[in-house]
Structure formats: C-alpha cells, structure tokens
Amino acid sequence: MSHYMTADEAVKLIKSGDHVYIQGSTSIPETLVAAMARRGCELRGVVLHSGFSVSDREAPYCREEYKDSFLVDTCFVSGNVRRWIAEGYGTTTPRFLGEVPQLFRSGIWPVDVVLLNCSMPDKDGYVSYGVSADLAVSATECAKIVIAQINPHMPFSYGDPVIHMSRIDAAVEVDDPLVEVPTPEPGAAETAIGEAVAALIPDGGTLQIGVGGIPNAVIRALRGHKHLGLHTEAMTDGVLPLIESGVIDNSLKKVHPGKSVACLALGSRRLYDLMDYNKDMIFKDVAYTNDPFIIAQNPRVCAINSCLEIDLTGQICADSIGTRIFSGVGGQHDFVYGASRSDGGLSVMAMTSTTSKGLGKIKPVLTPGAGVVTTRFQANYIVTEHGAVNLLGKSLAERARLMISIANPADREELEKAARERFGYSFTRLG
C-alpha cells in the first residue's frame, strides 16, 4: 500500500550509489527532483538516468558542488542538462531510443528508484503517468522503489503508463501544472517545405511526425488528405486539427486500427485535456512504438524527421554539432528503418537549407566529430525550401548532384567544386 508523505520525506528512500530514473517529456516530477537535489550534500554517486525531457529551468542537481553527488547519464541531451554535459560534468550513453528499455530490463542500467509524475487515481486505485510512457514504463517495471507525485494536472492516458497505487512506495500530493510547448508558427521556408513533404504523402498513409515549425507546416498542408493514421513517438498539438477534422481516422492502420498511438506527448493544456480518459489515444512503451518491425506492419508509413546537417552522399547527422552532443537520436533510425520495410512506406528528412546564422546545412563532408544517425544507405527523400529529392537507388555522384540542387544557392558553387574533386568524371558527366 502506498504511503502519502512530503517530498522531502519521500526522497529519503534514495541512497548513495543508487541508480535513479527521472520521468521526462513534459512531466518531469519537479517537486521530487528539487527535494532530491536538496539532499546533495549528504548523497554521493547517485546515477541519474533520463531521456527526452522538457523543462523551463535547468535541473537543480546540475551544480558544481553536487558533481560527486549526482552523476548524470542520459540517453538524450535535453535543455535542462545540456550545459552540464557540455562542460563535462555529465555524460550521455548512445542508444536508439527504442532500445533503451532493454538497458533497464537486462540490468545493464539497474533501476533502484524511479521518480514519476502521475494522475489522480481512478475508482479502482490506478494512476497514469500520462504524457510520458516512453522510458518510464520499462524503468518502473524494473524499479525496486517507486516514488510518485500525485498530480491533478496529469491526464489519465490509456495503454502502458498505468500503475496501481499499491505499487507506489511513497506518494506526494502536488499541484504542478505540466510544461506547455507552444506550437511554432512556420515561416515562408518552413511552409514551402511543408507543402513539398505533404505532396509525397499518400492518402491512407501512417504518420510519424516530430516537433517544431517544419512538422507543423507539414500538418497544415495535410488538411486535404484522407484516412491518415498516426503511429508516432511524440503526440503534439499539431495533429489535433487533423484528428478533429477526421483527416487522421486511423481506419487503414493494421496496428491498433482506429487508435492514435504514441509514447509521449508535448503540447498545450488543450492536448493534455483531450488525452484525459480518451480511449482513442493509446500510449505505449517506446520499445513498442519504436520497434521497426511493429512500425512496418502498418501500410504506407511516412516517417518525417529533421536533422542538423547532411553531406553530399546522404549521411545524416541529427544529434551533434561537431563533437558536441546537442540532443539525441530519438526514434529517427527506428522509424526510417520501419518505413523502409512498410508496404508503400517512405522516409523524409526535412530541414531548412541554412541554420539561423545563415550557415549551410548541406556540406561536402560532415563537420569533424559529427555523428551519423541515419546512414547514406538508409537515406530516402531529402527536402529543403528549395525542393525535394529522392536519394534511393542513386549513386554517390548522382546524390551529390541532387543534394546541390536543394542546397542554399550561395553554397552551391563550393559544393560543386567539392563534388568534382571527390567524384571526378562520374559527377561532371551529369551536367
């Protein structure tokens, strides 16, 4: 039977040397995390595991005086720990997001304590950790001790992120609104990209789509489509108009037909309210949503992702700026591969041709130290505001010519020169 207590009392269950998983998405259990950080002077060697997380503040354990108290080891470098890791105090473990649960279940990453942010209990005593099933499902399954915030702002979502109060060792009543992620307004470049991507997506396609200005531009351009399905990693506000208008009806999906499937949510209160006790939305363990062989069972999977830079051969970097790890791979590889095995599936890498500072994202070679998230062997459609090209089945020289055609015009001369030097006559003969 769970016991209600204060946050400071609850985190006394954490001991030096413990491995602690902190729930993420927009549901970081901030009250519990702050209480844990207050114990920094008495704890040593507590390993903190996390995934994709959204916060409006830096994590309170990222303080130099706590460098030996809390050892951050995350599989996704989110904003709340980015500075800490960049300065060398914390670290990140490379892993496809869909395979991280295996680290917990195999014991490679032990879980002594899990910190959750949960809904109010239903009539049968079950609570939901609503917006973040992703890694929380497997971590909770493996945890020796479960500490949970009981929060009226957390929606009760159906699927995997449900736990009975009797499994919770320490419960803390809070009144913590979830972080809300605004819907970016796409600019002219994003709008052009959105229209180009939407033109590639067939009616009846099953969408995996991310977060940001480009995904929202794609969604706007899909309003004339029919019978789309949703099997994705992140549920966002952007898909709500398509669900409400019936464009997304999930009628042709093979996996959970009639249901929108995701492993996490990040958006506004409107999204969270729609999720609450909504049986048409199913939230699953990321090991399930991101399993390429499950993804591939749906027809016409359209995986739409973004990246930081691409070279002329189609090598795609999505997690680092040179040697600096900026984020993580998320489910990009999982969905690119799943889409390639889906009947009629395709994958799209969509990006503006330049950074916010005007630097080209299409490069002769990747920046030294940049990680390859999607290999040149998996690259399919690449879309910028200057057009869409399909690298599937194209030689290296042909790819270079196609990539140059959608690059920033100011960069094309330099890219042409690099391609001539690298590929010789096989490139120049293409005109």
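The following dialogue examines a predicted model.

Colleague: On what basis are residues numbered and features reported?
Modeller: Residues are numbered from 1 along each chain as its sequence is written, and side-chain values use heavy atoms, with hydrogens and water left out. As the model is predicted, local features need pLDDT of at least 70 and side-chain atom pairs count only at pLDDT 80 or more, while totals for chains, interfaces and linings use all residues.

Colleague: In what order do the 7 strands of the open sheet stand?
Modeller: Strands (E, at least two residues) and helices (H or I, at least four) are DSSP runs, numbered from the N terminus. Two strands pair if DSSP finds at least two bridges between them. Here the pairing is parallel, and the order is E4-E3-E2-E1-E5-E7-E10.

Colleague: Which strands have one side left without a neighbour in the sheet?
Modeller: A strand with a single partner stands at an edge, so one of its sides has no neighbour in the sheet. This applies to strand E4 (91-92) and strand E10 (170-173).

Colleague: Which residue of E7 is the bridge partner of Asn117?
Modeller: Strand E5 (residues 113-118) pairs with strand E7 (residues 145-150) in the parallel sense over 6 bridges. In E7, the partner of Asn117 is Gln149.

Colleague: How are H6 and H7 oriented to one another?
Modeller: Axes are lines fitted to C-alpha atoms, for helices over the stretch in contact (heavy atoms within 4.5 Å), and angles run from 0 to 180 degrees between N-to-C directions. Helix H6 (residues 188-198) and helix H7 (residues 213-221) pack at about 55°, with their axes 7 Å apart. Angles under 35 degrees count as roughly parallel, over 145 as roughly antiparallel, 65 to 115 as roughly perpendicular and the rest as oblique. H6 is therefore, relative to H7, oblique.

Colleague: Is Thr236 buried or exposed?
Modeller: Thr236 is found in strand E13 (residues 234-236), and its contacts beyond four places in sequence are Gly210, Val211, Leu266 and Leu271. Buried means under 20% relative accessible area, exposed over 50%, and partly exposed in between (1.4 Å probe, protein chains only). Because its relative accessibility is 6%, Thr236 counts as buried.

Colleague: Which residues have the most contacts inside the largest nonpolar core?
Modeller: A nonpolar core is a set of buried Ala, Val, Leu, Ile, Met, Phe, Trp, Tyr and Cys residues joined through side-chain atoms within 4.5 Å. The largest one has 67 residues. Those with the most contacts inside it are Ile168, Val197, Ile201 and Met235.
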